[in-house]
Amino acid sequence: MNGDALSGEKTANTNFALINTVALTEPFSDTTEFGHMIAKQFFLLGGGRPIVQRVGDFREGRRSSGSTFNSANRHFATCKATYNAVPGDITLGMPARIIDNLWESLKKADKIVPGILHPSTLLYAPEIKFFDTHFMTDENLETNVNGIFVTGDGAGKSRGIVGAGISGIIAAIGISKKYF
Ligand SMILES: Cc1cc2nc3c(=O)[nH]c(=O)nc-3n(C[C@H](O)[C@H](O)[C@H](O)COP(=O)(O)OP(=O)(O)OC[C@H]3O[C@@H](n4cnc5c(N)ncnc54)[C@H](O)[C@@H]3O)c2cc1C
């Protein structure tokens, strides 16, 4: 999970992203291309915009639509959408394996933070993250170029704030062991 918010513009909502890591082997191992395919499907389905679906619709296996999107009868009035995405069906654009994994995670998250699965909760899709270049290093994050250490997302060593920070500490310890 991660989250992002504008510092100068506040709404009543909070948000987080839920990411399922996909590893492919044979006969097709290009996860970047796989991610691009999913992005293209959503681009088509949403007419160029991301898709948003109410949890209540998701649970009932139906698409969200403009006519019922804010329906009080369906308990959709609680969480107001603050982003202009297209109401639709995120399960049409995402492989079943990923949908299943995300749904299992959401059910667990709802136990920790009750209310996540309120019918009005908004599910936006897609969010797709790609790993960057992977630099080969030893356990101290030193590359095969003597004295060059790499850390963080750009070197493929992390994909989040904590991991990036930890990789920096590992490299710093490696440098101090080598030179001091
Ligand atoms: C929208 C968004 C939301 C995110 N939300 C979360 C979250 O909620 N939780 C989480 O854990 N992670 C989140 N992340 C990921 C997280 O921000 C990164 O994993 C983390 O910042 C990577 O740290 P880093 O030090 O490797 O790289 P960066 O933070 O990108 O730092 C690299 C620095 O190098 C500088 N730089 C680049 N080129 C040069 C150059 N030639 N010379 C000098 N300086 C240069 C850049 O300006 C930058 O300051 C989010 C990322 C984005 C984009």
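In strand β1, I51 and Q53 point one way and V52 and R54 the other, and all are buried (20 or more other C-beta atoms within 10 Å of the residue's own; 12 or fewer is exposed, and values in between are partly exposed, with C-beta atoms placed from the backbone). Helices (H or I, at least four residues) and strands (E, at least two) are DSSP runs, numbered from the N terminus. The model is a predicted one, in which local features need pLDDT of at least 70 and side-chain atom pairs count only at pLDDT 80 or more, while totals for chains, interfaces and linings use all residues. Residue numbers start from 1 along each chain as its sequence is written.

Strand β1 belongs to an open sheet of 3 strands in the order β2-β1-β3, with mixed pairing. The edges are formed by β2 (86–87) and β3 (122–125), each with a single partner strand, so one side of each has no neighbour in the sheet. Two strands count as paired if DSSP finds at least two bridges between them. β1 (residues 51–54) and β3 run antiparallel and are joined by 4 bridges; R54 stands opposite L122 in β3. The pairing of β1 with β2 is parallel, over 2 bridges, and I51 has V86 in β2 as its bridge partner.

The largest nonpolar core holds 6 residues, namely F42, I51, V52, I90, L122 and A125. β1 and β3 each supply at least two residues of this core. A nonpolar core is here a set of buried Ala, Val, Leu, Ile, Met, Phe, Trp, Tyr and Cys residues joined through C-beta atoms within 7 Å. Apart from neighbours within four places in sequence, I90 is in contact with I51, Q53, L123 and A125, contact meaning that the C-beta atoms, placed from the backbone, lie within 7 Å.

Helix α1 (residues 31–45) has 15 residues and spans 21 Å from its first C-alpha to its last, close to the expected 21 Å; the expected span is 1.5 Å times one less than the number of residues. G47, with a positive phi near 60°, follows α1. In the segment before α1 lies P27, which is joined to E26 by a cis peptide bond with omega of about 0°. A cis peptide bond with omega near 0° also leads from A125 to P126, and P126 lies in the loop between β3 and α4.

Positive phi values occur at two residues other than glycine. H75, with phi of about 65°, is in the loop between α2 (55–59) and β2; H75 is partly exposed, with 14 other C-beta atoms within 10 Å. L141, with phi near 70°, is in the loop between β3 and α4 and counts as buried, with 23 C-beta neighbours inside 10 Å.

The domain assignment, from an automatic or database source, gives domain 1 (31–125) and domain 2 (131–180). Their centres, taken over C-alpha atoms, are separated by 37 Å. T143 lies in the loop between β3 and α4 (161–179) and is partly exposed, with 14 other C-beta atoms within 10 Å. Residues up to four places away in sequence excluded, T143 touches F135, M136, T137, I148 and V150. The C-alpha atoms of T143 and I112, 31 residues apart along the chain, are 41 Å from each other. I169, in helix α4, counts as exposed, with 11 C-beta neighbours inside 10 Å; 32 Å separate its C-alpha atom from that of V113, 56 residues away along the chain.

Technical notes
Contact = placed C-beta atoms within 7 Å.
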